[in-house]
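Here's a quick briefing to read with the model open beside you.

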Amino acid sequence: MTTIAAPSGTTGTASALRQLYFVRFAFAIVWALVMFTMAKELTPVAIVLLVLYPLFDVGAAVVDANASRTTRSPVLLYVNMAVSFVAAVGVGVASASGIPAVLRVWGAWAIVSGLVQLIVAVPRRKMGGQWPMILSGGISVLAGASFVASAGADKPTLTSAIGYAIPGGVFFLISALRLGRAAKED
């Protein structure tokens, strides 16, 4: 008679996060490529894309919270969901005022969500694959500050948002690849 051991909570979480991180990588790259074509002005499509990015973050946090229930409290992920939802609404409202207002909202969101990402990733270090998330969270805080600062520039553009998405996506890819080992361990 053979028995199959159920995966540990950490293994199951690592596997779920790995899949989520691959999806987040793909979304960020596709989003950046599409956004690249409209970074100079706020068109209706650009506004939809700018609102969609934090909404996608809400969905990703929901998946992460469900996957992480067995290993950690998802309270900070709930905070991230709320912050990202407020950011999506804020970006939509700010778009009526122009690119500087959008950059300020985007920057505030990047700062807060980066701090949350950093705080969530640090205790997950033992799972593996979290150093890219720690770096990404720290970089997000710095990038957010630069978005707020660039809002005051002459003729600001949304190009910095693209520059935010691509490295973030790459960090998710690296983390997903590194989580491969943790997802296979028993």
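Y21 and F172 are both buried, with buried meaning under 20% relative accessible area, exposed over 50% and partly exposed in between (1.4 Å probe, protein chains only). This is a predicted model, in which local features need pLDDT of at least 70 and side-chain atom pairs count only at pLDDT 80 or more, while totals for chains, interfaces and linings use all residues. Residues are numbered from 1 along each chain as its sequence is written, and side-chain values use heavy atoms, with hydrogens and water left out.

**Overall layout**

- The protein chain has 6 helices and 0 strands; helices (H or I, at least four residues) and strands (E, at least two) are DSSP runs, numbered from the N terminus.
- Read from the N terminus, the order of elements is α-α-α-α-α-α.
- Of the 186 residues in the protein chain, 45% are buried.
- Take the contacts between residues at least 6 apart in sequence: 76% of them join residues at least 24 apart. Contact here means heavy atoms within 4.5 Å.

**Aromatic pairs**

- A pair of aromatic rings is described by the distance of the centres and the angle of the planes.
- Rings of Phe, Tyr and Trp (its six-membered ring) pair if their centres lie within 6.5 Å; planes under 30 degrees apart count as stacked, over 60 as edge-to-face and the rest as tilted.
- That rule gives 11 aromatic pairs.
- In one of them, the ring centres of Y21 and F172 are 5.2 Å apart with the planes at 55°, so this pair is tilted.
- Y21 sits in helix α1 (residues 9-36) and F172 in helix α6 (residues 159-184), so to speak distant parts of the chain, 151 residues apart, linked by the pair.
- W106 and Y164 form an edge-to-face pair, because their ring centres are 6.3 Å apart and their planes lie at 80°.
- With W106 in helix α4 and Y164 in helix α6, this pair ties together parts that are 58 residues apart in sequence.
- W106 counts as buried at 1% relative accessibility, and Y164 is buried too at 15%.
- Ring pairs also build a cluster from F27, W31, Y53, F56, W106, W109, F147 and Y164.

**Helix α3 against helix α4**

- The axes of α3 (residues 75-94) and α4 (residues 99-121) come within 9 Å and cross at roughly 170°. Axes are lines fitted to C-alpha atoms, for helices over the stretch in contact, and angles run from 0 to 180 degrees between N-to-C directions.
- The two helices are therefore roughly antiparallel, the term for angles over 145 degrees.
- Residues making the contact include L76, L77, N80 and S84 of α3, and W106, W109 and V116 of α4.
- The contact residues split into 16 nonpolar, 4 polar and no charged. Ala, Val, Leu, Ile, Met, Phe, Trp, Tyr, Cys and Pro count as nonpolar, Asp, Glu, Lys and Arg as charged, and the others, Gly among them, as polar.

**Two residues of helix α2**

- D57 lies in α2 (residues 44-68) and is buried at 7% relative accessibility.
- The side chains of D57 and R24 make a polar contact (2.4 Å). That term means a pair of N or O atoms within 3.5 Å; within protein, one must be able to donate a hydrogen and the other to accept it, and residues adjacent in sequence count only if both atoms are side-chain atoms.
- Beyond its neighbours within four places in sequence, D57 is in contact with R24, N80, S84 and W109.
- A65 also lies in α2 and is buried, with a relative accessible area of 1%.
- A65 and L77 are 12 residues apart in sequence, with 6.0 Å from C-alpha to C-alpha.

Methods: Angles under 35 degrees count as roughly parallel, over 145 as roughly antiparallel, 65 to 115 as roughly perpendicular and the rest as oblique.
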